Amino acid sequence: MRMRASSDSFRNNHSSSFRDPSGYVFVDNNVLKRAVLPKYFTQYNALKASGFYKKVIKHSLLIPHNESKTTKDSIELIPEEIPFITYPYEWSFSQLKDAALHTLKLQKYAVRNGFILKDATAFNIAFHRGNPIFIDTLSFDFYTPDSPWKAFKMFVQHFLSPLVLAHYHGPTILKLLQTHIDGIPLSLTTSLLPRKSKLNPTILTNIHLLAKAERKYKNQTDKKTKEIKVKKERHLNHLDALYSFIQGLNVNQQTEWGNYYENIHYDDTALDFKKNQISEWISYLNVKTIVDIGGNDGTMVRSFSHDLDLAIVGDIDENAVDLNYQKIKEQKGGNIIPFLLDILQPTPALGFDNKERFSIIDRLNQCKPDLTLALALIHHISLSGNVPFLKIAEFFARFSNDLIIEFPNRDDKMVQLLLDQKRDFKNHFDFYSEDNFEKDFGVFFEIKKRVAIPKSNRILYQMEII
Amino acid sequence: MIVLYFDPGLGAMLVQALIAAAASVIVFSKNVKAKIQNFFSNKKGKKPHQDSININEDESKF
């Protein structure tokens with residue numbers, strides 16, 4: 001026998017919105033909306049009446065929203081649309097760091113105004129117009145004088161622990177957030193941290209001591225947390241201390257493509273030609289949204305981003321993504337969204353029923369950018385990843401109508417290096433040629449333009465889906 | 001006060017109370033140190049860093 005849904009309120013909600021009973025997010029005629037449920041009405045009305053919502057929106061701390069409908073059963077909000085959501089395990093170190101600082105800033109502001117952040121998950125932050133922004137409008141509750149911050153442990157697991165781990169082990173460890181969507185467990189963090197980390201008072205107390213206490217009191221549910229008091233001034237000082245510690249945290253590691261454009265000996269003429277050619281095609285095609293797969297630090301996209309509404313730039317290299325983010329911050333390049341993307345292992349769907357967090361493929365399908373850009377990439381997928389041309393073509397035909405793709409032929413230095421690294425297996429890649437590339441891509445695309453890049457062994461193609 | 005949908009952790013609350021007290025001592029001593037330095041150097045206090053935890057209420061971003 002099939003069970004009836006226990007509550008009508010959960011019938012239409014967005015598959016990633018079910019944890020917090022204060023309300024839920026749902027999609028109505030392609031518009032993302034948020035429903036506030038009666039049990040949160042008191043908080044919501046106070047947040048509204050006190051002017052708190054207005055203030056946090058004004059200070060760019062919270063995503064703006066409009067109230068669209070009010071009934072006795074729910075209040076309906078329409079938040080400002082965020083064109084593309086990236087997840088914490090797709091962020092670079094600086095992105096996670098800024099998201100952490102943003103959360104602390106909001107918590108301090110809330111406490112000063114008589115409220116608190118009742119949770120502190122990294123999924124409550126999105127990158128919008130180049131900056132982090134808090135997106136969960138219902139995450140606030142009343143501040144009870146001298147009460148501790150109940151989301152503190154959550155903050156440590158989602159932000160402080162991964163940042164400290166990356167400080168010691170490099171940014172690749174941030175991928176742990178993908179296997180731990182509720183934040184990295186304290187016991188795992190302490191086991192991974194070097195002994196010398198205990199010499200740092202912030203890490204010693206906020207992570208090691210916290211882990212020890214959590215272990216000790218794990219089964220003690222009888223003692224009421226209400227009895228524990230933290231004076232407001234001390235609470236704020238703790239937030240200040242965490243803020244300045246995180247602000248000073250850095251990560252230093254050479255990765256695959258960091259400073260790509262400085263390190264490679266790519267001929268300037270060839271690079272300029274590429275930029276101009278792509279720019280010309282983009283304006284001719286009247287493209288407004290693009291996804292650049294393997295877009296490095298966004299250098300290429302930046303040369304024509306002023307003509308675009310949105311550029312989603314993914315790369316496998318943490319340093320390149322970080323550099324891209326830093327440039328976006330400096331130059332206020334708000335229409336560029338940087339994120340980590342390993343094309344041979346794209347972000348999967350995660351969480352309950354595999355529907356809580358969407359795969360990158362689903363999110364790109366949903367976004368449907370006008371153009372997919374794939375420069376200096378196919379030889380890596382084909383030769384390093386052993387993926388046949390036909391499969392690559394099928395993949396690139398998923399999201400956009402138009403494709404601009406660069407094909408380095410067998411005389412290209414990088415192609416030669418990749419082939420040489422195959423050693424005895426090299427003959428397996430005899431198929432790697434322009435003819436085969438065009439034949440297989442021709443199954444999914446019509447080749448509209450084909451231009452050889454001067455002073456290089458590379459060809460630039462403009463294709464349209466069949 | 002809304003009921004939490006997750007366990008805040010008793011240990012975490014206890015440790016937080018300890019750290020918050022310790023953080024206050026550090027902030028207090030830093031303030032004293034800064035005041036002494038300012039007194040001797042006869043300079044005006046540093047302006048708050050642009051990227052500070054504190055929100056400047058005058059800063060309108062409309």
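The questions and answers below go through a predicted model of a complex and set its values against the definitions behind them.

Q: What makes a feature of this predicted model count, and how are its residues and chains labelled?
A: Because the model is predicted, local features need pLDDT of at least 70 and side-chain atom pairs count only at pLDDT 80 or more, whereas totals for chains, interfaces and linings use all residues. Residues are numbered from 1 along each chain as its sequence is written, while chains are lettered from A and ligands numbered from 1 in the order in which they are written.

Q: What makes chain A as compact as a globular protein of its length?
A: Chain A holds 17 helices and 15 strands, where helices (H or I, at least four residues) and strands (E, at least two) are DSSP runs, numbered from the N terminus. Its radius of gyration is 25 Å, close to the 23 Å that the globule rule gives for 466 residues, so chain A is as compact as a globular protein of that length; the radius is taken over C-alpha atoms, and the rule is 2.2 Å times the number of residues to the power 0.38.

Q: Which residues are in contact with Gly385(A), leaving aside its neighbours within four places in sequence?
A: Two residues are in contact if their C-beta atoms, placed from the backbone, lie within 7 Å, and on that basis Gly385(A) is in contact with Leu344(A) and His380(A).

Q: What makes β1 and β3 of chain A edge strands?
A: Two strands pair if DSSP finds at least two bridges between them. Four strands of chain A form an open antiparallel sheet in the order β1-β2-β4-β3. In this sheet β1 (23–28) and β3 (65–70) each have a single partner strand, so one side of each is left without a neighbour in the sheet. The partner β2 (residues 31–36) is joined to β1(A) by six bridges, and Val27(A) stands opposite Leu32(A) in β2(A).

Q: Why is the pairing of β10 and β11 of chain A called parallel?
A: Strands of a sheet pair through backbone hydrogen bonds, either parallel or antiparallel. Strand β10 (residues 310–315) of chain A pairs with β11(A) in the parallel sense over five bridges, and Val313(A) stands opposite Pro338(A) in β11(A). Both strands belong to an open sheet of seven strands with mixed pairing, in the order β11-β10-β9-β12-β13-β15-β14 (chain A).

Q: How do you know which residues of chain B call for caution?
A: The predictor's confidence in each residue is its pLDDT, from 0 to 100. Chain B averages a pLDDT of 72, with 66% of the residues scoring at least 70, while pLDDT stays under 50 over residues 45–50 of chain B. Where pLDDT is low, the predicted coordinates should not be read in detail.

Q: How many residues does each chain bring to the contact between chains A and B?
A: The contact takes 46 residues from chain A and 27 residues from chain B. On the side of chain A that touches chain B, α8(A) gives the most, with nine residues.
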